[in-house]
Protein chains: 2
Amino acid sequence: MKMAIAGSGAMGSRFGFMLHKAGNDVILIDKWKEHIETIRENGLTVNYNGTEEVVDIPIYYPDQVTDQVDVVFLFTKAMFLGEMLEDIQPIIGEDTKVVCLLNGIGHEMVMKEYVALKNILIGVTIWTAGLKGPGKIELEGTGSTEIQNFLPGGEEKAKEIVAVLKEAGLNGIYSENVKFSIWRKACVNGVLNATCSLLDTTLGEMFKTEEALSVTNKIVKEFVEVAKKQDVLLDFDETVAYIVKTAEELGHHYPSMHQDLIQHNRRTEIDFINGAVARLANEYGVDAPINALITDFIHIKEKVLKVN
Amino acid sequence: MKMAIAGSGAMGSRFGFMLHKAGNDVILIDKWKEHIETIRENGLTVNYNGTEEVVDIPIYYPDQVTDQVDVVFLFTKAMFLGEMLEDIQPIIGEDTKVVCLLNGIGHEMVMKEYVALKNILIGVTIWTAGLKGPGKIELEGTGSTEIQNFLPGGEEKAKEIVAVLKEAGLNGIYSENVKFSIWRKACVNGVLNATCSLLDTTLGEMFKTEEALSVTNKIVKEFVEVAKKQDVLLDFDETVAYIVKTAEELGHHYPSMHQDLIQHNRRTEIDFINGAVARLANEYGVDAPINALITDFIHIKEKVLKVN
């Protein structure tokens with residue numbers, strides 16, 4: 001199958017690498033100059049579960065792609081999604097399926113401006129991936145990738161893509177209710193990413209305090225209320241328990257938003273996580289003061305740190 | 001008049017110094033060993049509007065005071081108030097007036113366990129003072145000090161104390177509604193102290209962002225609601241405007257809670273500012289989720305920083 005990875009950072013490169021190894025015709029797309037030049041000169045260097053491999057995969061700037069593909073996997077940062085889809089229009093044909101695997105909520109609202117609804121698939125992945133420098137990634141652990149067609153009728157094609165993901169070792173799962181999984185992951189991120197970034201703590205430091213549970217309850221409660229308005233039924237107790245367990249297991253980690261904001265002074269995806277809940281709550285006429293405040297706080301911190 | 005300053009940090013030392021200079025019989029009370037030893041050996045060194053003076057004022061540990069005084073001015077950190085009042089019982093006679101000038105809300109609830117209600121005065125001061133090291137303070141700028149008797153009938157004595165403060169240059173004002181001033185100051189602190197400490201910013205950095213006003217509105221709204229339950233009528237628009245003006249005027253300052261928490265890793269007074277609003281809201285059956293969340297966040301930060 002002919003595929004493009006739109007947004008080839010750590011996670012995009014993982015998918016590109018594993019799909020390429022499985023025999024698919026893959027191209028990478030990204031905007032980071034050093035990354036592109038390194039991969040063009042030396043290939044993509046992958047430390048794959050402890051063993052180093054170098055693979056030759058074509059990589060392009062978004063405005064330099066030309067040939068239509070069968071499937072596009074989207075892995076941009078949420079705030080750059082529209083720009084990416086606009087740039088890569090030449091590779092999106094009448095039947096090209098576009099699979100959104102971004103963090104956060106509501107990306108279909110952006111996608112539908114550039115992609116026919118029948119070709120949209122949404123999903124969520126719990127693989128991890130580390131970027132060690134331009135052209136260099138480190139992959140370990142295991143994960144899975146749930147996807148589902150956005151419109152009824154797209155099931156057959158979605159299952160074909162799931163099969164390809166399975167063959168590539170990416171543990172594809174066809175989901176009957178992927179919106180649930182997307183909301184659930186967003187809720188986990190809405191607690192862990194936002195608070196540890198604001199408070200500059202690891203997950204473990206934060207969850208050693210009794211107040212962490214009180215904060216978690218407040219954030220999750222609003223996610224549950226707003227998700228319900230989208231017919232997504234998050235279970236409050238189960239979600240809170242899952243978050244606490246995740247924080248314990250990954251105690252010494254700083255979440256990705258902390259890496260973006262505090263460590264690298266980069267713009268965060270807050271508007272697509274807590275900010276999305278606050279915005280949707282407003283639209284639905286329910287209350288989400290906690291997520292609105294957290295979104296404000298993160299934006300203030302972004303501005304004070306003069307993020308890119 | 002015979003007076004004691006209970007809690008002789010920067011602000012307590014300012015009051016002690018100015019009251020002593022005006023001819024009153026003043027003692028200082030504190031627990032900081034180096035501060036006490038320095039003052040006992042070398043006197044209190046005061047840079048008073050640019051001119052250095054050294055004055056000899058007796059200073060004691062709280063559990064070493066013996067002689068009754070006419071007036072006690074309380075300047076401890078809020079969380080140490082009860083302990084201080086317990087220790088200094090020997091100096092509080094049947095007619096000793098006790099004037100609370102602490103930041104925050106609701107200290108009368110603690111005071112009334114140790115002081116007869118008829119002897120309690122509450123107040124608020126907007127003087128500033130800087131501690132430059134043990135036994136050394138720096139005083140500049142101007143300010144005023146509003147006080148009022150807690151119970152009706154105490155007006156005459158309160159006005160005597162106001163006169164003493166005036167003579168000492170401390171610009172005493174007898175307030176007909178000091179609870180309003182206390183709430184208003186707490187609200188200003190509830191916005192500026194808490195948020196700049198959480199976000200590790202100066203007042204100016206924070207208020208350059210458009211989100212600062214949104215956050216301010218949310219915090220003030222809850223203060224206004226809860227104050228109303230105590231028959232204190234804060235004006236929402238006026239309070240917000242005052243906070244914005246204060247942040248602009250003191251743009252390059254870090255507020256005192258930032259100094260405590262971030263710069264010196266000391267416990268904050270959050271429970272007597274935003275935390276008091278959250279607690280009172282709970283008692284009155286109104287909602288204050290924003291102040292409750294901010295209180296949780298500050299407590300998490302205190303624990304992560306292992307404050308004293």
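Predicted model: local features only at pLDDT ≥ 70, side-chain atom pairs only at ≥ 80, totals over all residues.
As a bit of background, the strands of a sheet pair through backbone hydrogen bonds, and the pairing can be parallel or antiparallel.

Zooming in on one pair, strand 3 (residues 44–48) of chain A is joined to strand 4 of chain A by five bridges, and the two run antiparallel. Within this pair, A:Y48 stands opposite A:T51 in strand 4 of chain A. The two strands form a hairpin with two residues between them. In that hairpin, A:N49 takes a positive phi near 50°.

Elsewhere in chain A there is strand 7 (residues 92–100), and A:I92 lies in it. Is A:I92 buried or exposed? With a relative accessible area of 13%, A:I92 counts as buried, because the cut-off for that label is under 20%. Neighbours within four places in sequence aside, A:I92 is in contact with A:Q68, A:V72, A:L85, A:V98 and A:V115. A:N282 is another story: the C-alpha atoms of A:I92 and A:N282 are separated by 34 Å, and the two residues are 190 residues apart along the chain.

Over in chain B, eight strands form an open sheet, and the order reads 5-2-1-6-7-8-11-12. The pairing here is mixed. Its edge strands are strand 5 (59–60) and strand 12 (172–174) of chain B, each pairing on one side only. Further in, strand 8 (residues 120–125) and strand 11 (residues 145–149) of chain B run antiparallel and are joined by five bridges. Here B:V124 stands opposite B:E146, a residue of strand 11 of chain B. In a regular strand, side chains alternate between the two faces of the sheet.

Helix 5 (residues 155–167) of chain B lies across strand 1 (2–6), strand 6 (71–74), strand 7 (97–100), strand 8, strand 11 and strand 12 of chain B. Relative to strand 12 of chain B, helix 5 of chain B runs at about 160°.

Key:
Residues numbered from 1 in each chain as written. Chains lettered and ligands numbered in written order. Heavy atoms only, no water. Helix = DSSP H or I, 4+ residues; strand = E, 2+ residues; numbered from the N terminus. Buried < 20%, exposed > 50% of the residue type's maximum accessible area, 1.4 Å probe, protein only. Contact = heavy atoms within 4.5 Å. Pairing = 2+ DSSP bridges. Axes fitted to C-alpha atoms, helices over the stretch in contact; angles between N-to-C directions.
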